[in-house]
Amino acid sequence: MSQKTVLTGDRPTGRLHLGHLVGSIQNRIKLQNEADKAFYMIADVQALTDNADNPLKVRSNVLEVALDNLACGVDPTKTTMFIQSQIPEIAELTIFFLNLVTLARLKRNPTVKDEMKQKGFGEDVPAGFLIYPVSQAADILFCKANIVPVGEDQKPMIEQTNEIVDDFNRIYGQTFDHVKHLVGDVGRLVGTDGNAKMSKSLNNCIYLSDSNEVIEEKVMQMYTDPTHIHVEDPGKVEGNAVFAYLDVFDPDTKGVAELKAQYEKGGLGDVVLKKRLVGVLHDVINPIRERREYLAQDPKKIMQILKEGTEEARRVAAKTLAEVKEAIKIHYF
Ligand code: TRP
């Protein structure tokens, strides 16, 4: 792998949460220093695939996800930040890629399957939603990215992208390289309810913009061990959301190990444990939220960053599309 090009993105459907932070944002920040080129996309077109009737929600969250990323440390002098819908070449590329993918394959994508079930789509799934993994392949390949730092749930998208790469190269000649999926140290952060995944639609998130009070409220209601009723009772560490979070965010690993032993033996109450987690999460989120509030005072500046990033992304896209059209033999004039 000669050039290291990183691309990642978020759907602008809401503010970002701790799951995003450990699943992909931390990797974005690390990689922007190591890569030859780094792109960050606000995937508004993808957001519309299941929000077609709610364009204002998508529009208003463009700024929110930009702020979340900037507040965490995504640096626009190192990462080209842009808006998907403003790169028409991505839509063009999607159309060409769609010829390389079957309906049966689209229906087999496990993440899409999960989302379809969750949204109750059945056969009435919007066609645009079903094909979004193909559009995501175009998101990644328009700039010839070869590293994609995203959460565990995005792995099927990368697999599908690589199948498209293989088919494209076989039919039209070597044009794209394989893409590598990079998951954060914590592949998937459990939700506050103990559900396997922190997700807006499950309403089990702690947001990077949550106030100290809201964090405290959410932690106090967090799922622990339902059989741990009295302080003296032995409690379960496994499946206990509070310990899952302490494992990820508490820098004092030795202290956490001691608490686990005490909890399993009995004699450690949930409230003590939760208070510790509240403090730990305040330390993680406070600096992010403060930077976010500062940046949010000047939304024009953020939009200017996105505008300049989008112009840069378009230059890259035009180059790739010229090459692609030549490969497909649709370069006429
Ligand atoms: N599907 C991603 C998500 O839901 C967002 C996304 C869109 C993306 N295009 C991308 C991520 C390209 C990585 C690369 O989080």
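Tutor: A pocket is an open set of grid points with protein on both sides within 12 Å along at least five of seven lines. The model here is predicted. About 1,100 Å³ of space lies in its largest pocket.

Student: Which residues are closest to the centre of the largest pocket?

Tutor: They are H20, E115, D153, Q154 and K197. In total, 43 residues line this pocket.

Student: Which elements give two or more residues to that lining?

Tutor: β1, α1, α6 (110–119) and α8 (132–141) do. The largest share comes from α6, with six residues.

Student: How do the residues of this lining divide into nonpolar, polar and charged?

Tutor: There are eleven nonpolar, 18 polar and 14 charged residues. Take E115 and K197, two of the residues closest to the centre. Glu and Lys count as charged, so both belong to that class.

Student: Now the cavity. What makes a space a cavity and not a pocket?

Tutor: In a cavity, a 1.4 Å probe fits but cannot get out. A search of the whole structure finds one cavity of 30 Å³ or more.

Student: Which residues line the largest cavity?

Tutor: The lining holds V6, T8, R28, Q32, A38, F39, Y40, V74 and T79. Three elements each supply at least two of the lining residues: β1 (5–10), α1 (18–34) and β2 (37–42). The largest share, three residues, comes from β2.

Student: How many of these lining residues are nonpolar, polar and charged?

Tutor: Five are nonpolar, three are polar and one is charged. Arg counts as charged, so R28 is the charged one.

Student: Which residues make the contact?

Tutor: From α11 come V242, F243, Y245, L246 and F249. From α13 come L273, K274, R276, L277, V280, L281 and V284. Ten of the contact residues are nonpolar, none is polar and two are charged.

Student: What makes α4 roughly parallel to α14?

Tutor: The axes of α4 (residues 88–98) and α14 (residues 299–328) come within 9 Å and cross at roughly 25 degrees. That angle is under the 35 degrees of the cut-off, so α4 is roughly parallel to α14. α4 also passes α14 in a left-handed crossing.

Student: Which residues of α4 and α14 meet?

Tutor: P88, E89, E92, L93 and F96 in α4 meet R314, A317, A318, L321, V324, K325 and I328 in α14. By class, eight are nonpolar, none is polar and four are charged.

Student: Last, P234. Where does P234 lie?

Tutor: P234 sits in the loop between α10 (212–220) and α11.

Student: How do you know that P234 touches Y263?

Tutor: Contact means heavy atoms within 4.5 Å. P234 touches D225, H228, Y263, E264, K265 and G266, leaving out residues up to four places away in sequence. For G269, there is a C-alpha separation from P234 of 9.9 Å. G269 and P234 are 35 residues apart along the chain.

Methods. Residues are numbered from 1 along each chain as its sequence is written. This is a predicted model: local features need pLDDT of at least 70, side-chain atom pairs count only at pLDDT 80 or more; totals for chains, interfaces and linings use all residues. Side-chain values use heavy atoms; hydrogens and water are left out. On a 1 Å grid over the protein atoms alone, a cavity is a set of points where a 1.4 Å probe fits but cannot get out, and a pocket is an open set with protein on both sides within 12 Å along at least five of seven lines; lining residues have an atom within 4 Å of a point. Grid points are joined across faces, edges and corners, and a volume is the space filled by probe spheres set on the points. Helices (H or I, at least four residues) and strands (E, at least two) are DSSP runs, numbered from the N terminus. Axes are lines fitted to C-alpha atoms, for helices over the stretch in contact, and angles run from 0 to 180 degrees between N-to-C directions. Angles under 35 degrees count as roughly parallel, over 145 as roughly antiparallel, 65 to 115 as roughly perpendicular and the rest as oblique. A crossing is left-handed if the near helix is turned anticlockwise from the far one by less than a right angle, and right-handed if clockwise.
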